[in-house]
Amino acid sequence: MIFRSEASRGYTLSAPATAYVGFLVAAPLVILIAYSFWTQTYVTLDKTPTLKNYSDAFADPLVRHLMLRSIWIAGAVTVVTVALAYPIAYFIAMKARKKTIWLLLITIPFWSSYLLRVFAWKLILGFNGVMNSALMMLGLIDEPLDFLLYNEFAVVLTLAHAWAPFAILPIYVSLQKIDPSLLEAATDLGNSPLQRFMRVTLPLTIPGIIAACLIIFIPTVGDYVTPALVGGSDGKMIANLIQVQFGAANNWPLGATLSLIAMLSVGFVAIVFVITATQIGRRIR
Amino acid sequence: MTVNNIIELRGVEKRYGTFLAASGINLDLKEGEFFSLLGPSGCGKTTVLRMIAGFQEPTKGTVLIDGQDMEGVPANNRPTNMVFQSYAIFPHLNVGNNVAYGLRGKAPKAEIEQRVAEALEMVELGGLQDRGASELSGGQRQRVALARALIMRPKVLLLDEPLSALDKKLREQMQFEMRNLQQSLGITFVMVTHDQYEAMTMSDRIGVMFNGRLKQVDTPTTLYARPCDQQVASFIGEMNILPSKLLGETGNMLSIDAAAFGRIEIERNPNVATSSKDMNIGIRPEQLEIAAEKPEDYPSTVQGTVSNVAFYGENIHYHIQVAGAEKPISVSVPNYFHTVDFKRGDAVWLGLQGASVIDLGTDIE
C-alpha cells in the first residue's frame, strides 16, 4: 500500500483542493502584496520596495471617502437585507407548510444572470422607467422622479434584492434547528410571544444572523458592477476606483495597495461586528 | 377536611380533523396528589396534559384549574408549569439563567438569585449556577427542568414522560426523589407515562387511557387488584386471562366455570361494567401455586407441563401448558433460593384460590 499512514492519505485526498487554493488564492494574493510595494513608471514597473503607494493612498481624501462610502453602503445593504430576510426566513421555518416550494421560489432570482437583474432595476427605476411611467399614468406625479436611479439608494436597493437569498438561507437554517419545545417552555414560563422571540428565538438565531451579515457585507463592499451601472457618481465605491487603476489609469501597484487596504478594512469591520454581535447574544437572558 | 379539586376536566374532547385524540374525559384531580396518566403511546394522554397546560385548546368541554375556567387563557397565563419530555433546557443559557428564566423581570434580582439557589439545592444541584447547558448529563438536565418549573411555584406541575430519557438505574432513583419532592412541596403533580411501574411506584392515583378514552381512574392497588376490563388488566402488570362461563350469582359471589380450572367461586368486581354468561377471569402469575405434587387446600387444581422458564433474579417465571387452555399459563414464583426449580418438560400441578381470581366481566367491543 502506498497510503500507509492516516496522515499521508489525508494529504493525498486534500491535495487537489490545496493545489487549487494555492494557485488561485494564495499565489495571486502574494503577487498582489508584492505589487503594492512596487512603483509604476509609465510603461515599466520599478521593483524597488517602497511604501509610497500606501502613503499616497492614505493621503488621498478620495480614497478615504470612497472606502468609507463603500463600508457605509455595504452596511446599509446588510442591514436592509437581513431585516427583510428575517421575517421571510421565520415564515418559512415556523409557519409555512410546503417549505421546499418556498425555498425553491426564493432561489428563482438566481435562475437569471446577475447582470440582467441589475439591468432590470435600471429599467424599473430609470427616468423613463416602469416606476416613473406607472406613477405618471396614475397621475400621482407630473414629471418623472429623478432621485430613483444613479445614487446610493439605487445601489442599496439593487444589492439588497440580489443578496436576499444569501441572507434568508442561513437564518432559515438556524431557525429550523430550534427545538419547538424550547418555545413552548418559554411560553410555559410566562413569556408572551414577543418576549419569547426576544429571549429564545433571536439569541438562538444569532449565528445565522452573523453568517448572513458576513456573507452579504464582505462581497458587497467590493462590488463594482452594481455601483457602475446604477450608482452614478454618488454611488461610486472603492472597487470602481480599484478597477480604474488596473484599467484606464494603468497603475497596478496603486490598485494592489487599494485592494489590500480594502481587504484589511473589511476584515477589521467584520471582526468587530462578530465580536459585538456575539457579546450582545450572551447578554440576553 | 375536604380537599379541593385543583383540576377539573368536564367532557373534554380533542379532535384533529377526523381523528379523535381524546374524548369524553371527565377527571377531578385533588390538591396535593400525585396523579399519573398511563397508557400506550398514541392513546391521547399527552394531548390531555397539553390541554391542561394550554398548548392545545379542547374542541369540546371545559378545563378548570383551581375553579377557574381556562377557556381562552393562553399557556403563559396559566398557573401550571411543565417538565418537557426533552427537558427543553435553553441551550444559550447556563443553569442559573435557565432556572431563573420565568422569574426575570417579575422579582428583584437578589430575590431571584436566592430562589434559584434554593431551587437548585432542592434538586441537589446546589452551586451549579454557572454550569453551561451543554455540559449537563441527562439526569442533571432533568433536575434543571424540574427546578426551572418549580421555582415558579405552580399550582400544578405537569410532567410529560419525565423519566423516559434516563437509563434504568437513574430512572428508579429519580422516581423516589420526585415522589419525595412532591410530598414535601405538597404541589399537585400530573405525570404522563407509558411505564406502568413508574406510574405505580410514584402515584397516588392513576388514570388509564386507551384510544383517547379514560378507562379507569383508581389507586395503584385497586387498579392492580380490580381492573375494569381485560385491556386495563393486561396493561397493568402481567395477567393470565381465561374465557369462562358464568354459572350463577349469589349476592357478591359469582359461581363460574373457569375452563381448565373447573368450577370456582369468585368475588364480583365492582369496577366491571357487565357480566353475562360469557365472561373473562384474570389470574395474576404470582397468585398461582406451583408444585410437583398435587397441592392440598386449594379448591381448584390442574395438571400441566412446563413449556418455558425465565429467570429474573428475584422471580422465576414459568409458562405452564395446561390441557383445555389455549395459551400457556404464566406463573411467577419468588426465588427463595431454589426451593422450586422446575425444568422445561417437567410435569407440575397448579393450585388456585377463588380469592385470587379477578372477575373481568364481559367485553363489550
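Trainee: In the hairpin of β11(B) and β12(B), which residue takes a positive phi?
Mentor: G251(B), with phi near 60°; two residues lie between the strands of that hairpin. Strands (E, at least two residues) and helices (H or I, at least four) are DSSP runs numbered from the N terminus. This is a predicted model: local features need pLDDT of at least 70, side-chain atom pairs count only at pLDDT 80 or more, and totals for chains, interfaces and linings use all residues. Residues are numbered from 1 along each chain as its sequence is written, and chains are lettered from A and ligands numbered from 1 in the order in which they are written.

Trainee: How many bridges between β11(B) and β12(B)?
Mentor: Five, in the antiparallel sense, with β12 at residues 253–257. Strands pair if DSSP finds at least two bridges between them. L246(B) has I256(B) as its bridge partner.

Trainee: And which sense for β11(B) with β14(B)?
Mentor: Antiparallel, over six bridges, joining residues 240–250 to residues 278–283. There S244(B) is bridged to M279(B).

Trainee: Switching topic: how many residues of chain A are in contact with chain B?
Mentor: 15, against 17 residues of chain B; contact needs C-beta atoms, placed from the backbone, within 7 Å. α8(A) gives the most to chain A's side, six residues.

Trainee: How do the axes of α8(A) and α9(A) cross?
Mentor: At roughly 135°, coming within 10 Å. Axes are lines fitted to C-alpha atoms over the stretch in contact, with angles from 0 to 180 degrees between N-to-C directions. That makes the two helices, α8(A) and α9(A), oblique, meaning not under 35 degrees (roughly parallel), over 145 (roughly antiparallel) or 65 to 115 (roughly perpendicular).

Key. Contact = placed C-beta atoms within 7 Å.
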